[in-house]
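This briefing goes through a protein chain from its overall dimensions down to single residues. Please keep the sequence and the structure open while reading.

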Amino acid sequence: MLLRLALCSYALAFAAVLPARADTTPPGFALASSANPAPSSVSCSLSDGDFITFDGNSVQRWNGDGSLESTLASYPSFVFPSFIRLTPTADAVVVGDSGGFSPTPAGDLRIVWLNGSGSSLIAPLVYNYDGEFFPNGDLLVSAAANGFGMGTDLFRVNITTGALQSLGHFDGPSGPVAVGRGGDIFYGTQQDFSLPSTPQSILRWSAALVASGTPLSAANASVFVAGLTGSTALEFEPGRERLYYSENNFGTGSFRILRVRPGAASLPLLVADNWISTLRFERLGDGTFDAYQPGDGLRLAYTTTDFVSIDELVCFAPARPELTISGTGLVGTGPVLFTLSGGVPNGSALLTYCSQTSLFPQESSYQLPNFLLRTPFALASIVRMPFLVPTDANGAASLTLWNPGGLEGQFGWQFLVGRSNGSLIGASDAEQF
């Protein structure tokens, strides 16, 4: 942590939208990146689209567009930022730091109030690395409490009283933590650089074991996922028990975000060309974090850096397929071409339509068996074409209909997209003519 942050100490001079480097995503997702407004920072999201950063000098609140809203707290001298988490009551953030340059004390936990009333010390905690809240409001923290090279400790922290309860100890550098909805603990093990390279794992301790008071160790953990390399962050998708993991390995050049599942192959969601850190979900609307959903629902934000000249804030979001309508039939007798882009590669598309008298001025969302449908159509008035249209390797499709005259201004149109077997998993935007 200290080396990573010390290497990345520059600031970009402007906040223009940048290309998302060479990062790649699976079909149905898209990337957008911008200069990180707080380089070398950790961050967390707020429900209104704002986000909070901690760069070791100050805690700042930013609008969703990256413009500064306010500075909530400042530190008298630089400290290395570890993590920042929004409290369950959403009125403050807890900030962890790993200390500053010697002889500065080696790490504190502080609470910073979002109303601008300042901050206060929760408790000193040497070389803390990551934190996440339990369902009851206590904070789980991983830390090298005995110093570097002396293993990792997990603590339960009461953020009101500052009381620390040791939950367990195990070998290896400190890694990221996550807490399941039921209170299970998840921990990403880290490579000990003094030893030959070995596969790493995500360990899991059940809520019942945690509550029992039994000291946690690698021996009484279950292996949630094995065969991974060095991790920097674990994050659960809001509303779902889906766990995401950022993997960084300088030796192999592997920088990835994966969705990890027990007993199954992990699903690589993104492959980057630079170091990935500070995973955080942003809730903008009611869309889900699934392929081919609208991009203004739920998205994943992360930072990426090469420690030299790049420090970017990247938003990784679902990409909704797009429908365009063209042709002379739009204004009278003639062909009308319906073109779909961004559908399922080598999949299928189903054209639907609805009378314009049954269109709502705003889209509504409906939970279908396999996806969340967002449409301005009244459900009872939707008509489906009786056939599927194949999509090509890029997820594109087209269909030409003939307007004999008089169809202008009559209908709204929308493609549903699916796999090659016709199983529908998303929808395009809707258009009218």
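The model is predicted: local features need pLDDT of at least 70 and side-chain atom pairs count only at pLDDT 80 or more, while totals for chains, interfaces and linings use all residues. Residues are numbered from 1 along each chain as its sequence is written, and side-chain values use heavy atoms, with hydrogens and water left out.

**Whole chain**

- The protein chain has 2 helices and 35 strands; helices (H or I, at least four residues) and strands (E, at least two) are DSSP runs, numbered from the N terminus.
- With a radius of gyration of 25 Å, close to the 22 Å of the globule rule for 433 residues, the protein chain is as compact as a globular protein of that length. The radius is taken over C-alpha atoms, and the rule is 2.2 Å times the number of residues to the power 0.38.
- Along the principal axes, the C-alpha atoms fill a box of roughly 80 × 45 × 40 Å.
- Of the 433 residues, 52% are buried. Buried means under 20% relative accessible area, exposed means over 50%, and partly exposed lies in between (1.4 Å probe, protein chains only).
- The accessible surface is about 18,400 Å², and carbon and sulfur atoms hold 56% of it. Accessible areas come from the Shrake-Rupley method with a 1.4 Å probe, and for residues only the protein chains shown count as cover.
- Among contacts with a separation of 6 or more, 51% are between residues 24 or more positions apart; contact means heavy atoms within 4.5 Å.

- An open sheet of 4 strands runs in the order β3-β4-β5-β6 with antiparallel pairing.
- Axes are lines fitted to C-alpha atoms, for helices over the stretch in contact, and angles run from 0 to 180 degrees between N-to-C directions.
- Strands β3 and β4 (residues 51-54) pair in the antiparallel sense over 4 bridges, and Val42 has Phe54 of β4 as its bridge partner. Two strands pair if DSSP finds at least two bridges between them.
- Another open sheet has 4 strands in the order β7-β8-β9-β10, with antiparallel pairing. Its edges are β7 (81-86) and β10 (119-124), each pairing on one side only, and the twist averages 20° from one strand to the next.
- Strands β7 and β8 (residues 92-97) run antiparallel and are joined by 5 bridges; Phe83 has Gly96 of β8 as its bridge partner.

**A hairpin and an alternating strand**

- In strand β11 (residues 128-133), 6 of 6 residues are buried. This strand runs antiparallel to β12 (residues 139-143), joined to it by 5 bridges, with Leu139 as the bridge partner of Phe133.
- β11 and β12 form a hairpin with 5 residues between them, and Gly137 in the turn has a positive phi of about 100°.
- In a regular strand the side chains alternate between the two faces of the sheet.
- β26 is joined by 5 bridges to the antiparallel strand β27 (residues 334-341), where Thr339 stands opposite Thr324.

**Nonpolar cores**

- The largest nonpolar core has 19 residues, and Ile276, Phe289, Tyr302 and Phe316 have the most contacts inside it. Such a core is a set of buried Ala, Val, Leu, Ile, Met, Phe, Trp, Tyr and Cys residues joined through side-chain atoms within 4.5 Å.
- The elements giving two or more residues to this core are β21 (254-260), β22 (267-272), β23 (275-283), β24 (298-305) and β25 (311-318). The largest share, 4 residues, comes from β23.
- A second, separate core of 18 residues includes Leu323, Leu340, Met385 and Ile425.
- Leaving out residues up to four places away in sequence, Phe289 touches a set of residues including Phe29, Arg240, Leu269, Phe281, Leu300 and Phe316.

**Ser231**

- Ser231 lies in strand β19 (residues 231-236) and counts as buried at 2% relative accessibility.
- Not counting residues up to four places away in sequence, Ser231 touches Tyr129, Pro176, Gly188, Thr189, Gln190, Tyr245 and Ser246.
- Ser231 and Ser70 are 161 residues apart along the chain, and their C-alpha atoms are separated by 32 Å.
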